[in-house]
Structures are given as C-alpha cells and as structure tokens.
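Please go through this model with me, domain by domain and then core by core. I would like the criteria stated along with the answers.

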Amino acid sequence: MRASRYTDSKHKRKNMKMDKTNILADMLDSIREKLGLSTIAEAKRYFKIELHEHSCDFSISFALRESKRTGTPIDQMAGDIKQKLSSLPFLAKAEVVNGYVNCSYNYSYVVDRLCNAATDVYGRGEETNERIMIEHTSVNPNKALHLGHIRNSVIGDSLSKLLKFSGKNVTVTNYIDDTGAQVADNVVGVKFLGMPYGKDGVRIDKYLGDEVYVKVNSMYEKDPSLLEKRAEVLKAIEKGNNEIADFTQEMVNRVLESQLKTLGRFGIFYNLINYESHILTYKFWETAFNQMKSINAIKLETEGKKKGCWVFPINGQNPEEDKIIVRSDGTVVYAGKDIAYAMWKHGLLDSDFRYVKLYEQKNGEVLWATTLDERADTSHPKFNAVDTSINIVDVRQTYEQEVVKAAVEKLGKSKDIKYIHYDYEVVALSPNTAKKLGLEVKEDKEMFQMSGRKGVYINAEDFLNSLKDKIYEETKSREAITSEEEQKKVAEALAISTLRYELIKTDPRKMLVFDVDEALKLEGKNAIYINYTYARLINILRKAGENKILKPNTDNLNLNGYEQDLVGKLLMFPDAIETASASLDLSYLANYLSSTAISINSFYNSVNVLNAEGEMFQFRLWLLDSVGKIIRSSMSILGIIPIEKM
RNA sequence: GGGCCCGUGGCUUAAUCAGGACAGAGCGACGCCCUUCUAAGGCGACGGUUGUGGGUUCAAAUCCCAUCGGGCCCA
C-alpha cells in the first residue's frame, strides 16, 4: 500500500477490500496465502506491477528480502515460491530471475473475470457508515479567488469526489471568516474613506479585492492612524446589531456569492457554508474554553512574559512552546476559534448551529448555511460529529493546525479523533510573470509569493479565460466540431479540465511556480490529451453501435502487448482508487489516468478495432468499452469534463 | 536561536514512507509514420556520477550523519 503523510499508520494499514470486483485483490490474496503472510497489505510490499522490460506482468521480491532472515539461499527460496504458485489459475507463467519470481497473467482467465466485474460502477467502494468532513477553499470574503486559492479548492473538491466514489459519506464545507481584518479593510474603504461600493461591469469580489483592499492597505502604510478605523470596525462587527455589522454581513455575502460563482464554473460545490461569526454568536468559543479549562487542557500563566494568558502546552515539556490561546487582554487568537470549530466538527460540543437552505446548486445538491435565524430549517441533514475531518489548509499554517489537532485530540478523550491537516504548498509566481504583474523583480529571486494585499496575484477566472481563448483558437481549426457555439463549449470545458488537472497531478507538497507563458503552451500529457483519447475511444464505440458490445469469447485469447497492457490497467483500477483514497493521494490517480490514456493511444495505433474480425472484434470492442468506463470514472473524480467530439 | 518542506537529464516530473532488477515518464530539440476507427495522435534515437561529502548494507534516489541551495513557520 502506498503510504501517506496525511494518514498515520493505524489508518493506512487497512486490508484491501475483498469485494468480488477487485480481482487484483483477490489474486493478491491467493498469493498472500501461498507466501504465508497474514495481510494483503503485507503481501503488497513484495509486489510490483507492470514490468514490461522484464517481460512479465508482476514480480514478487519476497525471496530477495526474506532469505537472510530465514537463512535459505535466495534462489532456493524463489524456486519454492514459484512451485507454490504453480497451481494458481490466474497465472500462465512464473519464473525465477535474479531472485525475483516473475509472473504473467493467464489472460483468458483474467478477462473472463473482468467481463463480469467491469460495469459502470466498477471500482466504486461499498458504502460505509464512515463520515468524513472536508473543509476547503475558506478564502477571506473580501476578494476574488486567485490561483493559489483554486489549488486548495480543486484538491478539496477532487478529494471529496474520490472519497465519495470509494463509498464514504462526505460533507463538504467552506468556512467564511466574516469577522477578520481583511473584510474590515474593505469596510474602512467604503464606509470611512469614501470609496465607491461597486463598479459597473466589474464583479464585486474583483472590484473590492483589486481596488478597495489594495488601496486601503497602501493607505495604512502612509497613515498608520487609519488602523484605528479598522479596530473600530472590527469591534462593531464583533458586537453586532449595528449599522456597520449589518453592512459587513451584506458585503460578505455579495462577495461570497461571486466567489461561489467562480467555483461553480470550475464545477466545485459545497454542502455547507460555515460563518466564523456564528462560532462567536453561538458562544461555541466559550463552551470550548470552559471544556478546556475543566479538563486542564489549558492553563493560566501566572508569571513570565505570558503572564495573564491562557496557554495550551503543545508538547508539555518546554514552556517556551506553549501556545497562547487567550491573550492577557481576553481576546481569542485564531487557533482558539479553530479549536471550537474543530470540536463542533467532531461532535465534542453539546450544541449545534441552526441551518438554512440557500439554494440548489448546479450539481443538484442543496447548499446550506449556518444561520442565526430562530425560524431555521430543521430538515437539514446531520452535518457534524464526523469520524474524520480533512482540513485543506496551506503549509504556512502548519503550526496553528498542529495546535488545533493536539487540542481536539486531547478534548476527545477516549474518542478516536481523526483530525487531518491536509497541507499543500502555495502557488508562487515565476520572475517573468511577477514582472508582468508590475512587481519589482530582483535578479537572484527564483519565485515570488502572490499577495492579495499588494494586488500581486493571478486572478483565477482571468487566467481561465486566457486559457479558454487559447484553446478556442485551436478548436476552431479542428474539423470534429463545426458550430461556433459547440466550439466555445468545448474550449470552456477543456480550459477548466486543463487547469484542474495541472493543479492536481503533482505532489501537493511541492511549490508550484507559475509562469503564464509556460502555462499557456498546453504541452505534455495534459487533460486535453486525456480527453482527446477519450473522444477517439467513444468515436469507435459510437461507430460500432452499442448493441455490438458483447461479452467476448475468452477461450483462445492471443493478445498483443498493448492489449495486455490495457487489461492490466483494468485490473488495477479498483486498487488505484483504493490506494489514492486511503492515502489521500490524488496525483497517484492522475498518474494512473495519464498512463492509461497513453496505453489507449498505443493500442489505437497498433490495431484496428472496427475492421477486426470475429472474436478479435468482440474482444477489442469490449476492451475499449470497459476502459472507457474507468477513464470516465477517473476523469469525473479529477474534474475533467468529458468531451465526446473534439 | 528553534523547527518544517523541497532539491532527480535543458524544462516539468515518477519511484523515497516500508532499501531490491540497467532511476520510469512527459515536454523541448532530432528522425520516421495519415488512400486504414479523429495526427489535439503514434513509433524511434538522444539526454542522468538522483545538489555535495561521508556512513550503514549483499544491495542506497530511498535509511543515518554532515553540508550547500531554494522556500516556509515559530520565537
């Protein structure tokens, strides 16, 4: 099993599921038994798939690793293993090479079993009662989304789709900091500095973020006394029931609505909006604070520089590292509110919010929000008290997240709290792109942080539009689609798919240094390549006619290497889903999808399907149909919108 | 001052957690392939002392120690 830094060992060493469609797991279990190992996960450590250079389908390195422990020579041990495996029906061949036992599938057997398994729901996990809450996006409601935010949202959205696909009960929330300094900055601009509240033809989030927020912040630098205005606004917001607070709430919702529109364009939707202010109004912080005091999770410092502060000891040893939760003036730090929120997520607070239905989203699901209204809708689904919460928060907030995790685990007492900080690196700008945005570029710097406050960032929709224009130009020159309307639709879908795929396919812990020119080059095995592969595949199935897709005769299958390759990909699909979802690793699935697309194109060029005869025609058509199902499933998880003609 | 993350061909990267076969791809540049299901495609050749130096091991990109470069956090 692939490991993960997001899930600890006790969660990841689960057995592979033994449902009857996961043929690979079934085969692995037979091998596990022959090797005398207790779990499939253990057997998997010695198992390596796809080794064309060694002309086999998978190899077992058990002898190589274990011979020293048992004192048996490697070759003798490998020979024994080969003997033990000889009776397995799914193997055509096993041979000992360099201490490995190299095995080849019996394709007739494997294809025969896949015929029954590879249906439209192939790879889907059985539904479980495990409840997971994913929090993602959580952008301050004072500006338009930039590419860094979209990295967060796209990861969160695809993770939720992946976990739903593997059978989990997932709730997706977006946490809105409607009481923070950034929102207050905009209020200062509009209410005290006479800046207009909106601009014709410019979306409100973009206008406030680009003009008001940036301008107000540069004014603070020239005239620090203005900061008193912000403090005043913050106080008014916290107090509530006044003109400033009402105005702020209205502005927050207008910006949020605009942000959600952008996210909707990317195909990203939520179950619930959580307002930070409600954590305060519902007195969840007080409850959390009292609970922490009652079990001595936090203590009041009586001396030293933290005198008068309530602190949370992170490791219990070094008082220097104690985290201040409540300052000596009685105000709560961010982490404090986050702890209360995390306690709500995991059902550690006695009470719950009230909720209101906002509207039905384009994906057909209702969007709910927390509300202060007494006449709230009680028909809402159960949102909180989940088993696992996955919190998509960028790597710069690791320390805060550690505090929250440690606190909520302590407060959970005997309950097994799985609080996961899914940290990812930020999107930075290349020197070339930073220069284009008007930033002063020093020679030795390789990257530049985006900054909403300084107005130095790549607006997500603006970039998406450039990408769309670029793709549209290309689309126009294609013959597959003729109407302009259709071409624009394809360009939009491909632009979204491309951007989402680029943000998902690499390791989230690697910083993404974004260069506009490079990003618009559209090179490589990107989402367009994957979609093109899909369109070609669909084209063949369409021409053949749906009624021609039948179960092939598997008696005397004689497959070429590319066909074998695709059968192997089919076999691996349930495992790819399971591995990706157990380790929360989307790039693993992205790589699987990409390599499957490569295999399809190689197959496409090596043989002809429609002109094949008899059994070969049946087999190839079935193969394409089945592979089509797995790439459709993978694409939908990764947010690639399927296009059938391009 | 303390801590975390990243470093693999010109570029983007896989494999690192749990050591295992000549480090696997893609892009770019080079050569070939459309009278055959969509050439937004395929095939081929080229390109690597895995930042550096030690150590452990039959075996190190992977583990340990040091060090350099880039980024981040805490104080």
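Me: How is chain A divided into domains?
Reply: This is a predicted model, in which local features need pLDDT of at least 70, side-chain atom pairs count only at pLDDT 80 or more, and totals for chains, interfaces and linings use all residues. Residues are numbered from 1 along each chain as its sequence is written, and chains are lettered from A and ligands numbered from 1 in the order in which they are written. Domain bounds come from an automatic or database domain assignment. For chain A it gives domain 1 (22-117), domain 2 (131-281 + 348-383), domain 3 (431-518) and domain 4 (527-638).

Me: Which helix supplies the largest share of the side of domain 2 that touches domain 3?
Reply: The contact (C-beta atoms, placed from the backbone, within 7 Å) takes 21 residues from domain 2 and 18 residues from domain 3. Helices are DSSP runs of H or I with at least four residues, strands are runs of E with at least two, and both are numbered from the N terminus. Helix 7 (147-165) and helix 9 (204-222) each supply at least two residues of the domain 2 side. The largest share, eight residues, comes from helix 7.

Me: Which residues is Leu 570 in contact with, leaving aside neighbours within four places in sequence?
Reply: Leu 570 is among the residues that touch the most other members of the largest core. With those sequence neighbours left out, its contacts are Leu 114, Ala 118, Ser 626, Val 627 and Ile 630.

Me: Is Asn 98 buried or exposed?
Reply: Asn 98 sits in the loop between strand 3 (91-97) and strand 4 (100-105). Its phi is near 50 degrees, a positive value in a residue other than glycine. Because 12 other C-beta atoms lie within 10 Å, Asn 98 is exposed.

Me: What is the phi of Leu 522 near?
Reply: Leu 522 lies in the loop between helix 19 (516-519) and helix 20 (527-544). With 17 C-beta neighbours inside 10 Å, Leu 522 counts as partly exposed. Its phi, positive in a residue other than glycine, is near 55 degrees.

Definitions and conventions
Contact = placed C-beta atoms within 7 Å. Core = buried A, V, L, I, M, F, W, Y, C linked by C-beta atoms within 7 Å. Buried ≥ 20, exposed ≤ 12 C-beta atoms within 10 Å, placed from the backbone.
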